[in-house]
Amino acid sequence: MTSAVQFSAVEKHYGAVRAVDGVDLSIAEGEFFAMLGPSGSGKTTCLRLIAGFERPTSGEVSIFGAAMGDVPPYRRPVNTVFQDYALFPHLNVRDNVAYGLMVAGERKRARRAAADEALELVALPGYGDRKPSELSGGQRQRVALARALVMKPKVLLLDEPLGALDLKLREQMQDELKALQRRLGITFVFVTHDQGEALSMANRVAVFNDGRIVQAGTPEDVYYRPETPFVADFVGSSNLLPPELTERLGGGRVHSALRPEAVRLTPGGHAATVTGRAFLGQSTRLTLDMDGHRITALLPRGTDLPADGETVHIGWAPGDLHLMKADA
Amino acid sequence: MRSSAPFGLKVAAIAGLLFLHLPILLIFVYAFTTEDRSYQWPPPGFTTQWFAVTWNRPDVWEALWLSVRVASISTVIALILGTLAAAAVARTRFFGRETISLLVILPIALPGIITGISLRSAFNLADIPFSFWTIVLGHATFCVVVVYNNAVARFRRISGNLIEASMDLGANGFQTFRFVILPNVATALLAGGMLAFALSFDEVIVTTFTAGQQATLPIWMLEELVRPRQRPVTNVVAMVVVLVTFLPILAAYHLTRGTDTVAGSGK
Amino acid sequence: MTTLDLSAAPRRDAAGLSERVSDALWRRPRLLIALLVLPSLAWLGIVYLGSLFALLAQSFFSIDEFSGQIRYELTLRTYAELFRAHNLDIVFRTVAMAASVTIAAAIVAFPIAYYAARYATGRWKAVFYLGVMLPLWSSYLVKVYAWKLILAKEGILNWAFESVGLMWLMDAYLSLPGIGGNSLSVSWTGTFLVFLYVWLPFMILPVQAALERVPPSMLEASGDLGARPSQTLCHVLIPLALPGIIAGSIFTFSLTLGDYIVPQIVGTSARMIGQAVYQYQGTAGNIPLAAAFAVVPILIMMVYLAVAKRKGAFDAL
């Protein structure tokens, strides 16, 4: 089966800056794919390379097997939901949604019907006559979504789609986007710097750093089996243990990662001193000092909490100490 | 918090505004005076007869018509040049961007007499005879900046994403220009165009050097100022010129109100 | 909620001229920029810079004293002529006028700009904006003409002084050497007043723009720290407004340097640079000397702009 989106040795340079530095990537049809990374890691540039707003310095981007080198954005079978939504301020909501159809020469009545249908799809029926400036952030987001979906793209690109929304709305939209993607079956590619968002929504995640993909895999993969210290640190907030400590704890002489929630208080475990405590509601976060190494532990509700300065004993299940590749 | 202004400041500010406006209002009074030999104040009497006299003066009409034609064509040229340059400068960073800005502003940053005598020397050296087009050449040169300033401000406000969104939705470059860019910059261009028209309509310094025998309305007025022959007609023309230039300025103000464009900052 | 039929996605081909041109420009974004910039670059480069160059070239020619014809050989003779006493007088007189007009404009403009920037809201904001904009854009000649009416011997100003019985004061002022004259309309003071009037809006706008950017909290902080209003003015407001004042002074200074109409209509027989340029190129037919004279304001303005740039005045434009 051909990939929905394929990157082959793609590079994008801006002068001396290598924004994308040799990316190979294959996104399957129907996937909900997340590009995760800190700002400046090259994830947004990759999205823009798929949309056609940027052209690769070298390498090739193909969509459903067709090379996109000479295809401008307006002839690519992809559509984008922009981070700031980019709704046309001079058009009302309906004309915004129908814009692509208008440009394609669709008749006015058909346009209107399709636009209204798309507005219903994103749960904004009857909003067609409003101006974008009269809508809330969440509503604008839905209009932007409808405007892209009405074009029936083969791949939908979302650039930090939930970044501008408040927490509650964000969680709601996460669920809606997931449901929408399942129902429509379109390939979704979305860019985010929020690891929680990437893990909860995507089937597959590519973690970007310094213009490269450092790890790609299922959310479980990147969360439980990070291949490099960067992934372990960026995805979640793992305790990163240096090679000498890993070796002492029974691993090899490599970096290892230990999830805070995997750490338990067990008599007979490794001795550590409590240096800080923060109540988080569902759990409590303990900061510990183990032979000069800082370890964070997340203790579930109901655990007997030690006091500051107290010495405790900690341990974890054998599989929880995740060993990374030696070279990382 | 905005407290109320100190009394002295208020007085100084209002006095300043009056200083700016009373002289212009005075023109309106003089247009109705019965005195036709001197600038006597207070006017000995009031009459509207000078309006009829002015109306029947072919030389005034000729000058007016020439000014309108020069201003129209200069405005069109300035609109094209200024808009294109603004689009390039506002949208991208490229080598020589600053140079373009400087080049556009130079014709009004240097005194008008420099522009005027430069053009005149160039016409002399190149053996170009003075004509309608030599006037237009000069006017378009200093009108570009007005359009440019208005357009650049507006282009900067169009988020780059709007253009990408349009292309993303299937519009090619020309469609994007027509359906997204133009609707969003139209009022700024209209305002810039009106101000360019007003600037050209009123210009006298460069024109004296590039006009040859032809008289635009400001040239006609200048001759009257230097050697007054028909004071009442001049009074009436002055009043009409004030009214005519106020209209595009007010229109431009309404078109750019509530935006970051300062309509006149380019003059 | 309905489902979307995804089978019939609208597709398009690359046919058509506009589509092909658009493709080409997408592939070469630099070409697009070049095409956008080219017309104005060509126009201003050829028409304007070409003319400036022509002017500069003329200033290195000289006039044959017997035939009155221009001799097209490069020489510095014309510049030497510029340094004769009566020509230097013209330069100094003009610079003195430009400087005094600029200082006066800054003083008169400041309260207007400050009030408009800090205290005017809503309707008053619009009144102040248009109140500066309309005089700025209304006809230069009409404005000069209005002052000819005001300053005339039989005009409104003398009438006003007469009405309140202060004519002796006016006469005393006019008898002052240097700035006085037969009447205000043929005095240095008259020229100064008209210049101040016609260029004042050019000073108000940038000063206002600079003051708009001063956060009111900064003034409150100054007051809070114990500064009297006059101290706040001297140590906070004026320094912050300075880039705006310099930006405005570029206009008032440059425009005064090059003007020949105001001193011709309202003024003494002592000429300014603009008049000298005008007369040498016109009646005297000495284009090289006119060109050399025209180079003077260019040089002065270049120095001025360099200084202004260092003071950050361009950000206030």
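Guide: A word on terms before we count anything: helices (H or I, at least four residues) and strands (E, at least two) are DSSP runs, numbered from the N terminus. And keep in mind that this is a predicted model.

Visitor: Okay, how many helices and strands does chain A have?
Guide: Go by the secondary structure of chain A, whose C-alpha trace spans about 75 × 45 × 35 Å along its principal axes. The tally for chain A is 9 helices and 17 strands.

Visitor: And what percentage of the residues of chain A count as buried?
Guide: A residue is buried here if 20 or more other C-beta atoms lie within 10 Å of its own. Chain A has 328 residues, and the part that counts as buried is 42%.

Visitor: Which strands stand at the edges of the open sheet in chain A?
Guide: The sheet has 4 strands, with antiparallel pairing, in the order S15-S14-S13-S16 (chain A). An edge strand has a single partner strand, so one side of it is left without a neighbour in the sheet.

Visitor: Which residue is the bridge partner of Leu286(A)?
Guide: Look at strand S14 (residues 283-290) of chain A, which pairs with S15(A) in the antiparallel sense over 8 bridges. Leu286(A) has its bridge partner in S15(A), and that partner is Ala297(A).

Visitor: Moving on to chains B and C, which helix gives the largest share of the side of chain B that touches chain C?
Guide: The contact takes 74 residues from chain B and 77 residues from chain C. Several helices of chain B each supply at least two residues of that side, including helix H3 (58-91), helix H8 (173-202) and helix H1 (7-30). The largest share of the side of chain B that touches chain C, 13 residues, comes from H1(B).

Visitor: How many residues on that side of chain B are nonpolar, polar and charged?
Guide: We're still on the side of chain B that touches chain C, to which the contact takes 74 residues from chain B. They divide into 54 nonpolar, 15 polar and 5 charged.

Visitor: Which helices of chain C do the buried residues of H10(B) pack against?
Guide: H10(B) is mostly covered, with 7 of its 10 residues buried; among them are Trp220(B) and Leu225(B). Within chain B, these buried residues pack against H3, H8, helix H9 (205-210) and H11. From chain C, the partners are helix H6 (140-151) and helix H12 (261-265).

Definitions and conventions. Residues numbered from 1 in each chain as written. Chains lettered and ligands numbered in written order. Predicted model: local features only at pLDDT ≥ 70, side-chain atom pairs only at ≥ 80, totals over all residues. Contact = placed C-beta atoms within 7 Å. Nonpolar A, V, L, I, M, F, W, Y, C, P; charged D, E, K, R; others polar. Buried ≥ 20, exposed ≤ 12 C-beta atoms within 10 Å, placed from the backbone. Pairing = 2+ DSSP bridges.
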